[in-house]
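Okay, thanks everyone for coming.

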2 protein chains.
Amino acid sequence: MGEFELIARYFKRPVRRASLGVGDDCALLAPRPGMQLAVSSDMLVEGRHFFADVDPQALGHKALAVNLSDLAACGAEPLAFTLALALPQAHDAWLAAFARGLLALADAHGCELVGGDTTRGPLNICITVFGEVPTGQALLRSGAQVGDDLYVSGTLGDARLALEALQGRIALPADVLATARQRLERPTPRVALGLALRGLATSAIDLSDGLLGDVGHVLQASGVGASIQVEKAMELLASSAYQSSAGGQFEQDFWRRCVLAGGDDYELAFTAPPSARAAVAAAALQADTAVRRIGQIEAAAGLRVVDAAGHGLRLAFPSFDHFA
Amino acid sequence: MGEFELIARYFKRPVRRASLGVGDDCALLAPRPGMQLAVSSDMLVEGRHFFADVDPQALGHKALAVNLSDLAACGAEPLAFTLALALPQAHDAWLAAFARGLLALADAHGCELVGGDTTRGPLNICITVFGEVPTGQALLRSGAQVGDDLYVSGTLGDARLALEALQGRIALPADVLATARQRLERPTPRVALGLALRGLATSAIDLSDGLLGDVGHVLQASGVGASIQVEKAMELLASSAYQSSAGGQFEQDFWRRCVLAGGDDYELAFTAPPSARAAVAAAALQADTAVRRIGQIEAAAGLRVVDAAGHGLRLAFPSFDHFA
């Protein structure tokens, strides 16, 4: 199968929202009047972001999901994406499964594949995604205000739990691993929540490198500090049932690391004033996505993790950094 | 140097045309009213698109140039780009040189770096570029009409000549190699020509895989055929002075392969009706880019290469295909 046949077979589909899709030198997009185009690009590399033997359908899902998560964090509505793919070989079954996972998630969000590139090389997936957001309404990292509540959507920590098990550092019961692995390999981008938070959240970010590190970016961009109540944050752990039973074999520090610095969660962290609590609850309901209030924005710079008595904890969890 | 420091040091610059640049979950672009956004994405892989020891400044240039060439082929004006970069290590000197080459070309075209991604992995550069084109005025592959002239800009064949020498298959005098190597490593995207051809060319494509193969895409998309006069095409060879002297050591077939199927030229091939010849010449002058008429669009399907007497030549030059 040649390069052009490969594109035609798996990736060329008619477009409805874009003006021109796969097959020319460029794709053509026409954002609606009054809309800004939100753009994000993520690159996934074998051995860094996924294992060599990952299910290709899950990989197709995840490659787009992590990009949609960036749109969600901006409150942008998915519109289209490009896919650049380096492959060691063009294996029919692998490509068919990859395309199936990728395009199923794309279709679920009305996000069209409009172009890209294929080449031979070490497996590498680079997706650039486009979304629309009304001019001036994008959720940014820089808008957090002193006194705002700090929220996190969904659950945290399971992706890291699965990673630890898949890398052989811990052993998990099969059912616990299966659930956690779903979170690692098939994250759910919080697009509906991002849209519902427009005009409501003062800042937002998607959690890819770990809660503490990513919230740190918001604090830095906003010129503020924050405290996180560790007990509230630990309620975000999806595997808390396991933790409180057999999971007691792992130290408290292990579980805290999963939740506070696990990474690969693809949930949203966002801020909103206390006056908006009812509206935030309504937005979460509308988006069918649980949100939890875990802390407050404060004037003093830095991010403090405190216990129920308000005492600061000494934690040393590095945020994920590809070059640290 | 960590991932975020790396981005800040080399790739974070203030934006003027984009609404939001590097540093948030998404960049924000606001195409002007009446404009469509042209989008193209190209991935460059070590060992496929460049040698491991390539000058990083030239690589930075080329990575953006091949994308700007796609905008040129659509008649789009460069606006912004994202850069996703997988690196085995974060070497300061390498990154500084890469960024210098990349951003110099970006600045020359007013094309802003607005976002992207960095990760550790086998060297891989994925750029997605954005340009503006007035709605409905993009040059497409699908517009060639029977009777149109077929043109090519600039020169062809030198990139392939350099590649053959650098891969040790031929020996070239140092001055010939140096000139040819410039064409391989620092191609000039024909952006000004693409803009000047708006409303004039009936179709256009950028030449990345080789003249015959790429023109074949235009013919297929337009549902037409074409003939190319081999003598006219061979006048596109930049190294013709060398060819007619010492280059006589190589067979005619070698030179034809360089011009007709060499690849990596990043010139434009385009079509326009004979009635537009004076206008095309004026556009070329305005864009300060030579163009040459090398053939005609015909009703009979297929691409014929003919000699001066109109006899078809039997050539078997495959177009470059990463998976063939």
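Predicted model: local features only at pLDDT ≥ 70, side-chain atom pairs only at ≥ 80, totals over all residues.

Let's start with a pair of strands in chain A: strand 3, residues 77-87, and strand 5 pair in the antiparallel sense, over nine bridges.

In strand 5 of chain A, Asn124(A), Cys126(A), Thr128(A), Phe130(A), Glu132(A) and Pro134(A) point one way. Ile125(A), Ile127(A), Val129(A), Gly131(A) and Val133(A) point the other way, and all of these residues, on both sides, are buried.

Next, the annotated residues. The UniProt record, an unreviewed entry, places a "binding site" feature at Ser41(A), Asp42(A) and Asp117(A). Let me take Ser41(A), which lies in strand 2 of chain A, residues 35-45. Is Ser41(A) buried or exposed? Its relative accessible area is 2%, and the cut-off for buried is under 20%, so Ser41(A) counts as buried.

What does Ser41(A) touch, leaving out residues up to four places away in sequence? From chain A, the list has Asn67(A), Cys126(A), Ile127(A) and Thr128(A). From chain B, it has Thr82(B), Ala84(B), Gly116(B) and Asp117(B). The side chain of Ser41(A) also makes a polar contact with the side chain of Thr128(A), at 3.0 Å.

As for Asp117(A), you'll find that one in strand 4 of chain A, residues 112-120. Asp117(A) is buried too, with a relative accessible area of 14%.

Now over to a sheet in chain A. Six strands form an open sheet in the order 7-9-6-10-8-11, with mixed pairing. Strand 7 (203-207) and strand 11 (302-306) of chain A stand at the edges with a single partner strand each, so one side of each has no neighbour in the sheet. On average, neighbouring strands of this sheet are turned by 25 degrees against each other, ignoring direction. Within the sheet, strand 6 (residues 149-153) and strand 10 (residues 291-298) of chain A pair in the antiparallel sense over five bridges. There, Val152(A) has Arg292(A) in strand 10 of chain A as its bridge partner.

Helices pack on this sheet, too. Helix 2 of chain A, residues 56-74, touches strand 7 and strand 9 of chain A, and its direction makes about 165 degrees with that of strand 7. Helix 7 of chain A, residues 211-222, packs on the sheet as well, touching strand 6, strand 7, strand 8, strand 9, strand 10 and strand 11 of chain A. For helix 7 of chain A, the angle with the direction of strand 7 is about 150 degrees.

Tyr266(A) has a positive phi, near 55 degrees, in a residue other than glycine. Tyr266(A) sits in the loop between helix 10 (252-261) and strand 9 (267-272) of chain A, and is buried at 9% relative accessible area. Over in chain B, Tyr266(B) also has a positive phi, of about 55 degrees.

Notes
Residues numbered from 1 in each chain as written. Chains lettered and ligands numbered in written order. Heavy atoms only, no water. UniProt positions renumbered as here; feature names shortened; annotations may be inferred. Helix = DSSP H or I, 4+ residues; strand = E, 2+ residues; numbered from the N terminus. Buried < 20%, exposed > 50% of the residue type's maximum accessible area, 1.4 Å probe, protein only. Contact = heavy atoms within 4.5 Å. Polar contact = N/O pair within 3.5 Å; in protein donor to acceptor, adjacent residues only side chain to side chain. Pairing = 2+ DSSP bridges. Axes fitted to C-alpha atoms, helices over the stretch in contact; angles between N-to-C directions.
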